[in-house]
Amino acid sequence: MKLQEYRSKEILARHGVSLLAGQVADTPEEARAAAERIGGPVVVKAQVLVGGRGKAGGVKLASDPGEAEARAREILGMRIKGVSVRKVLVAPAADIEREFYLGLILDRGAKAIIAIASAEGGVEIEETARNNPDAILRIGLHPLIGLQEHQVRRVAFRLGVPAELRPDFATVFRGLYAAFIASDADLAEINPLVITRDGALLALDAKIVLDDSALYRHPELEALRDLDEEEPSEIAAREAGINFIKLDGTIGCMVNGAGLAMTTMDLVKLAGGEPANFLDIGGGAKAERVAAAFRIILDDPRVQAILVNIFGGITRGDEVARGIVEARQTLSRQVPMVVRIVGTNAEEARPILAEANLITASSLDEAAERAVAAVRTG
Ligand code: GDP
Ligand code: MN
């Protein structure tokens, strides 16, 4: 789960990272009021969960409250990489002398947290990695002993942080690390970390990505989820206890088990189709969960056929078949449905599906081919 800049900054500030805290506004008038309270020049920043806001015109300076209102009016409602801006952060403007990149990322390959730093801050780190990989310093941190002082010094020297700012740099780096650990993050980055003309070290932008699997340990962070920016279908799925990821294809998939769901998507592609989603209905596959899954799938107007692939284990195939038939009657829109049920009570499932005029298949290849054919013939 990605956190907005202003949320990420709240967390970093709690861990001692120095920054210019601002105020969030969702109207131009509120942005003006925020600028009045702050006093002096401000920066108005789009709060969207995508990078490169600066380049896209989503970060603008304003010298007075009137200008802040005008800039906010331009930025609010703007679309950045397809996401519409609903909130801006209004913060005191900094007079920048130098910009650095400082980040921590959980590297599964290295089985460690890696610190990444670059003296070429401000631009996206992926861009630096492409254009000037030597400008990036990467250091693996020991999983048990964590960030060491010598590592902090090494990064400070490499970035060329002036001697008088090295203690402040250490506070920022340690704070970033503490925030990363405390919130079970996958990524925490400050880009840019700046030195201002009057010699202060400040985090001007922050991004924290939390590990979804650890969110249950942080109810206070889960509450920060920005529902404005999530797919409504993914929110509905989470509430129904269904693992769902929306994609761009035309064949809706309803499967039990994550591995089988991925295999199903692969076979849809192999048969020449495009899956509209990943959906793992989980164990049980009770009628109401099946109905919720169908509703979520059909909410996507692109979906032209549904492929149901259920492996009956503890869940009996005939129960699932009955659930499908029952749920189908409640749907607002009908599309061809190809159903494959194998495993426990698959035989008993067959007549139930046949009676409901559902297309059945015994092998997965066949099921995928029939779903693709159903889309082609409309
Ligand atoms: P991003 O483009 O989404 O990463 O947004 P950032 O918050 O990193 O802003 C992009 C760039 O805008 C930064 O690298 C800075 O150069 C500039 N910027 C952001 N805040 C300020 C500020 O307070 N003062 C000045 N002068 N520039 C800023
Ligand atoms: Mn940035």
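Of the 16 residues around ligand 1, those that come nearest are Lys 45, Arg 53, Gly 54, Ala 94 and Glu 99; a residue is near a molecule if one of its heavy atoms lies within 4 Å of it. This is a predicted model, in which local features need pLDDT of at least 70 and side-chain atom pairs count only at pLDDT 80 or more, while totals for chains, interfaces and linings use all residues. Residues are numbered from 1 along each chain as its sequence is written, chains are lettered from A and ligands numbered from 1 in the order in which they are written, and side-chain values use heavy atoms, leaving out hydrogens and water.

By class, this shell holds eight nonpolar, four polar and four charged residues, with Gly counted as polar. Domain 1 (1-20 + 95-230) and domain 2 (21-93) both contribute residues to the shell, so ligand 1 lies between them; the bounds come from an automatic or database domain assignment.

Next, the polar contacts, meaning pairs of N or O atoms within 3.5 Å. A polar side-chain atom of Glu 99 is 2.7 Å from an oxygen atom of ligand 1. A backbone N or O atom of Asn 191 lies 3.1 Å from a ligand 1 oxygen atom.

Asn 191 also brings us to the backbone: its peptide bond to Pro 192 is cis, with omega near 10°. Elsewhere, Asn 345 has a positive phi of about 60° although it is not a glycine. In general, most residues other than glycine have a negative phi, and most peptide bonds are trans.

Key. Polar contact = N/O pair within 3.5 Å; in protein donor to acceptor, adjacent residues only side chain to side chain.
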